[in-house]
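Here are my notes on the model you asked me to look over.

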Amino acid sequence: MKHQETQNSRKQVRWIQHPLIEEGKIEARLYQQLLAANVIKKGNTMIVAPTALGKTVVAALVAADRLKKYPDSKILLLAPTKPLVIQHKESFQEFLKATVSSLTGAVKVDEREKRWYDSQIIIATPQTIESDIIAGRYSLDNVSLLIFDECHRGTGSYSYVFLAQRYNKQAKNPLILGLTASPGGEEEKIDQVCHNLFIDEVVVKNEEDPDVKPYFNPIDVEWVWVDLKKEQLEIKKHLDTTLQKRLRGLKKMGVLSSIQQVTKKDILRARGRVQNRLSQSNSPPRDCLLAISMLSAVLSVLHSLELLETQGINNLYEYLQRMTKKKTKAVQRLFKDENFKAAVNLTRQAQKRGVEHPKLGKLMEILKDASEDQEQVIVFSQYRDTVNQIYDKCKKEGINAVKFFGQANRDKEKGLSQKEQKDIIKDFRMRNYQVLISTSVAEEGIDIPSVDLVVLYEPVPSEIRMIQRRGRTGRSNKGRMIVLITKNTRDESFYYSSMHRERRMKNQLANGYKQPEKPLIADDADVRMLDLKADDLKSRTSQGEDEKNLVVYVDHREAKSGVTRALSNMGATVKIVSLPVGDYQVSPHVAVERKSSKDFVSSLIDKRIYKQAQELVENFPKPLIILEGQDLYSSGLHPNAIRGALASLTVDFNIPLIPTRDPEDTAAMILRIASREVYKGSKDIQVRTEKKPLTLQEQQLFIVESLPNIGPVTARKLLEAFDSVKNIFNASIDDLKKVSGVGDKTARNIQKIIESKYSDTFRFPSDSEDTPKTSLITGKNKPKREYKLEKED
């Protein structure tokens, strides 16, 4: 691969010579060799460099050195998306003399294990490796180099964090390499990533460095400004009036201190404060409930304004249509507001007239010019609705374009499968399409080296995303990026925000970023986890139990939760299975249903919590419910409704409720319960693969409850009166009527059901009055009733 020559450039390309590197495959660029040498010499390193400067090549150079030094070890490269995994696999197969395999969720478990043990280099998605590590299919002890691509993702509960911790504990010869074009604009964010991934050094290369400049293709950035149309301005006026009216009300109530330049983040913070106030009150003030409703309305209006200003009439119209289907008080009050109603009517009229955002016309001009110059173009937009709108416009204008978005289904439109995505990119690379119109899914890891122009339909406030989008061009030749901005709108604030964040990030890194010498102070959850783990281990040691002997069976739906990660980190043997009841089982007697605060409120609203409680009681002698989180009363649901549910679970169902603060606290609690069960002798867990069979008495009740108009209470009375199901079926109408709760009509219906021939009955396939009823005794669905057809004359 021949690079651009400088004024004093070499006459021919030199290639890296190494026993594990294919000849003539990696050009000997000094800055890449120095970066690789720095990693090998100084240890765990993050490399920050613009896209197309060859960070993958640096990773390959370090990998070759590690395999030479530790020939029996493995190299693991983690990438956040399947397309990136495939791309890296192809690169490493081309560069190195080693066996290379890819592991993603699409590969079956047995095949993943085989590939792991048969390969020297594994390229994988982090979620796949995390799942396999937790399940104990293999370990990271023999991995001599762990590479995190797009390492800025290493925050929060992302799989990178768990895998870095596990690798740091297990690996015999550890070395970590992080790669990114943009670690973030906040120094705190950079610190967090370095702490989570055990990074000691941060090395920055940019296009201005003398050793990089000869290989870097400059990117020209142009900002194209447009004005809103008069129809949009009229709608905006009414929406602004609606917004200001509510903001003034919130300020008067003391919820907001200022109503100037209010953002969604400001409103979300205010809502959190009001919800906390609600949670601390036995009888919430009416103003709090009104404030929650007003804040929800403000969020809706802010989003409406964003769509109007940055996307267009069609997007706003679709959003307003979806709003009409909501039944909340906030939405109902909005649609009664005269200004909001006016905005809705004007939007409807503009949509019928086909009013388009001025960006769309300007974009068509740009794409036509690019078409004349035979340029390949990527157009980015935040919303799939806008992608569809741009695509339809391109078809009308005769522009050869294709849509590209994620795998998730939206409304009536199916997502693109992985194969469809690969085919589209392949066709685009082969120049079968001139324009690729994409959502954010194409920001990272798509190998499209021939893109000449990137167009952003709207600025994004994130400096990371802006850098990622810009990095799609300028890979082979000089690149261009055009950003469409609507004057005096949120576009401007997003634009200035991303520019400011990127400038601040570069300044911080240019000043020689160095991670603090002292380890970052862990948050309360980390401290508690360590304390609880140590305490748990000490307790178990005194009991003579080995921590590794503890087994926790986890339902597959909880496999990716923070609790499962924490259990694995604490030394428990985690087994992922399909549990018919509960989320965790620690002994034959104890099952745990875990509810986050949000999930508890959701299951309370749809009454799912009571069914789950009933199933726990029926199937386990010692069921437990863990309530995780400290914001149970911050959902907006009346606190008394939550208290009533808690009372019902403890009093009516006799289920203990254990509060925990976070996933780590939950894991520590489950581990402590498992420890007690083992200490008491429950060493062998009999995992339930199906619900416990009904007892004879429960089956009798189930049969009798199936009779028309017979509920659980009356069924019990009938069995007590007649002593058996057979006697009930043989009883006369008069005998049945002697039982309290059975009237003449019910008795006759019972006899009719028992005596009628099957051939004279017909099951109605759908009858809203006869949907299955759930038995309070058994928790089982009662069968649909049978009806006798009237014979025709």
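1. A definition to begin: two strands pair if DSSP finds at least two bridges between them. Helices (H or I, at least four residues) and strands (E, at least two) are DSSP runs, numbered from the N terminus. With that in hand, look at methionine 46, which stands opposite glycine 178 in E6. The strands involved are E1 (residues 45-48) and E6 (residues 176-180), paired in the parallel sense over four bridges.

2. A word on the ground rules. This is a predicted model, where local features need pLDDT of at least 70 and side-chain atom pairs count only at pLDDT 80 or more, while totals for chains, interfaces and linings use all residues. Residues are numbered from 1 along each chain as its sequence is written, and side-chain values use heavy atoms, with hydrogens and water left out.

3. Now step back to the sheet. Seven strands make up an open sheet with parallel pairing, in the order E3-E4-E2-E5-E6-E1-E7. At the edges sit strand E3 (100-103) and strand E7 (201-204), each pairing on one side only. From one strand to the next, the twist averages 20°.

4. Two helices lie across this sheet. Helix H1 (residues 30-42) lies across E1, E6 and E7 and runs at about 160° to E1. Helix H3 (residues 82-95) lies across strand E2 (74-78), E3, strand E4 (121-124) and strand E5 (143-149), at about 160° to E4. Axes here are lines fitted to C-alpha atoms, for helices over the stretch in contact (heavy atoms within 4.5 Å); angles run from 0 to 180 degrees between N-to-C directions.

5. Is histidine 238 buried or exposed? Histidine 238 has a relative accessible area of 15%, so it counts as buried (buried means under 20%, exposed over 50%, partly exposed in between, with a 1.4 Å probe and protein chains only). This residue lies in helix H8 (residues 230-252). Leaving aside residues up to four places away in sequence, histidine 238 touches Asn339, Ala342, Ala343 and Leu346.

6. On to the aromatics. A search of the whole structure gives five aromatic pairs (rings of Phe, Tyr and Trp, with its six-membered ring, whose centres lie within 6.5 Å; planes under 30 degrees apart are stacked, over 60 edge-to-face, the rest tilted). Tryptophan 116 and tyrosine 138 are stacked, at 4.1 Å centre to centre and 5° between the planes. Both residues of that pair, tryptophan 116 and tyrosine 138, are buried. Tyrosine 610 and phenylalanine 653 are also a stacked pair, because their ring planes are at 20°, with centres 6.4 Å apart. Tyrosine 610 is partly exposed at 27% relative accessibility, whereas phenylalanine 653 is buried at 18%.

7. Finally, the charges. There are 33 salt bridges in the structure (a side-chain nitrogen of Lys or Arg within 4 Å of a carboxyl oxygen of Asp or Glu). Glutamate 338 bridges to lysine 341, with the closest N and O atoms 3.3 Å apart; both lie in helix H13 (residues 338-353), about one turn apart. Glutamate 338 is exposed at 56%, and lysine 341 is partly exposed at 32%. Elsewhere, lysine 595 and glutamate 593 bridge at 3.8 Å between the closest N and O atoms. Lysine 595 is buried at 0% relative accessibility and glutamate 593 is buried at 7%.
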